[in-house]
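Trainee: I would like to learn how to read helices, cores and salt bridges in a model. Please take one feature at a time.

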Amino acid sequence: MKVLLFAGAGTSVELGVPAMAGLATEFRDHCRHGGIQADLVEKLLKQNGMDLEMLIEILDQLNGAAPALKGLGETVNALEPAAEAHAEVEWFVQHLAERVKAQDAALMWGPVISAGGSHDLTVATTNYDRAVEMAAKGADLELRDGFDKFSEREFASWEGVPADRGEGVRLLKLHGSTDWYSRNDSDEPVKLRHPVALYGRYDLRLPSNGQNLRSALILPSREKRLTHEPYMSLSQAFLNEADQCDVAIFAGSSLRDPHIKTAAQRTVSRGVPTFIVDPKENPTVAGAQSIRQCASMFLISTLPKALTGDVSKALNAVADRLPAPDGGILDAVRILSRSEGEPLSRRDAIERVDATGATLGIEQIEKLLADEDASVAKHALSLVYGSPHVADLLKAARKSPHSEDKAYGADLALLMKMLKEA
């Protein structure tokens, strides 16, 4: 089954990357504390409703006027403050997108990447962060993003838009990535093993071949660059997936971007099951179904479980339900991923996950069933019931070092009775 998953900004917010509204406030404060054209930045943001996209667009316009003024023999000194703010905001967006921690990326995206191998999964995103890539690397799973292998090099070369068939998950970074750069002489994209957020006035030189590189991100308001390669081909590949997929999922996106909304409309018009994942908003595309979940709940639990069988049927079963209590589960799963810590905090985290109806990966639950604290293992039994791996988990539960514990044994017997009656 061909599954298309589009991941918007909402899938990165829980990983520490602010939404655009939060970015505007944070950039204003950054300029204030850093003494970087704070008055100009604040004035432009206030004039445009604290909209960072509008700020970037205005700064682009001001900065783009400099060559024309120079050509007319006019001074450009008055544009210097805008040029400095322009360079700073380019660095700032890249810098914030690199906030994602590898462990959190693995917890959020690892289950999807692992389960995606049972289907033909394409992940498309306009996010700049490397959460998907870090999760795949941490799990040693194949990810096809259009670049060749690093091998012993610091950089990887662009091979072309990844084919829609092949090993592992296909990744389409529609607006680029924090580790993508462009060669100054050819615009050819290059990926670096150790990315650095570039200040807008500076290039980066590769010592191995003397190539000068600049950031390749498509920042907000710069959609005109989408007509350049590889972005034009990536966008076309995304629309092709919308025309060919069997199931389409749009998570963490308001679908305000016309390009993304068009893709959703195309899947609906073909009669393809189309799901919009957002805890608050109703679908903005007629015919799409709503899954009212936070990104962490959907990516850690709902989608991996759906990918173990009939994806459409599984997602239909959770569509249109009210949001689960307490929203996201990343904080709880983060606690459960650590073996150290007080048993009480792990028990509380299990209860928080269970209250949402979420299921965790088989390895995570097996680890909890074997926890050195009997009360943690007892609580973990509650996670077995809704798992798609019930049979294997029951074997693990019976082999738990706490199988002789009276309280644990009583809960295990109750679980087996419930499963038998279900």
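The dialogue below goes through a helix, the nonpolar cores and some salt bridges.

Mentor: This is a predicted model, in which local features need pLDDT of at least 70, side-chain atom pairs count only at pLDDT 80 or more, and totals for chains, interfaces and linings use all residues. Residues are numbered from 1 along each chain as its sequence is written, and side-chain values use heavy atoms, with hydrogens and water left out.

Trainee: Is helix H5 buried or exposed?

Mentor: Buried means under 20% relative accessible area, exposed over 50%, and partly exposed in between (1.4 Å probe, protein chains only). In H5, 13 of the 18 residues are buried, so the helix is largely enclosed by the rest of the structure.

Trainee: Which residues have the most contacts inside the largest nonpolar core?

Mentor: In soluble globular proteins, nonpolar side chains tend to be buried together. A nonpolar core is a set of buried Ala, Val, Leu, Ile, Met, Phe, Trp, Tyr and Cys residues joined through side-chain atoms within 4.5 Å. The largest here has 68 residues, and Leu5, Trp109, Ile249, Leu315 and Leu369 have the most contacts inside it. Helix H6 (residues 102-115) gives the most to this core, 7 residues.

Trainee: How far apart are the closest N and O atoms of Lys191 and Asp145?

Mentor: A salt bridge puts a side-chain nitrogen of Lys or Arg within 4 Å of a carboxyl oxygen of Asp or Glu. For Lys191 and Asp145 the distance is 2.7 Å. The pair ties together parts that are 46 residues apart in sequence, and both residues are buried.

Key:
Helix = DSSP H or I, 4+ residues; strand = E, 2+ residues; numbered from the N terminus.
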